[in-house]
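Please examine the sequence and the model shown here before reading the report.

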Amino acid sequence: FVEQMEASSAEMKGLAADIEAGKPEADLRKRLARIREHNGKAREVKYRKDDEEAELLDGHFDIFELKLKSDFEAATWDTKEVRLNLLARLKAKCNVCHEECRK
């Protein structure tokens, strides 16, 4: 689980660097696909012993997947300002789960 989350975090950092470097939208979308892939693999790891906690984590993954599809994949990553805004929203989606898991 941690390995997949760390890989996803590395992709997030790479996404931020790619935005700063002005990379093409296609490159950004590849990063999003890898983030999605890592999160999918992390979700498959059933390491929570408490069923209620595991269900809550699954719910967070459901929401993240939905938001990734609806908010980010359909968006046009055309200007740096839009890209930075979308990146901030993506990070916020990640932080919701991270905060819950820290509890």
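This is a predicted model: local features need pLDDT of at least 70, side-chain atom pairs count only at pLDDT 80 or more; totals for chains, interfaces and linings use all residues.

Residues are numbered from 1 along each chain as its sequence is written, and side-chain values use heavy atoms, with hydrogens and water left out.

The protein contains four helices and zero strands, where helices (H or I, at least four residues) and strands (E, at least two) are DSSP runs numbered from the N terminus. Its C-alpha atoms fill a box of roughly 45 × 20 × 20 Å along the principal axes. Of the 103 residues, 29% are buried; buried means under 20% relative accessible area, exposed over 50%, and partly exposed in between (1.4 Å probe, protein chains only).

The whole structure has 10 salt bridges, each defined as a side-chain nitrogen of Lys or Arg within 4 Å of a carboxyl oxygen of Asp or Glu. Three of them are listed here.

| Salt bridge | N to O distance |
|---|---|
| R34 and E11 | 3.0 Å |
| E37 and K41 | 3.2 Å |
| R43 and D62 | 2.4 Å |

R43 lies in helix 2 and D62 in helix 3, so this pair ties together parts 19 residues apart in sequence. Salt bridges with shared partners also join E11, D18, K23, R31 and R34 into one network.
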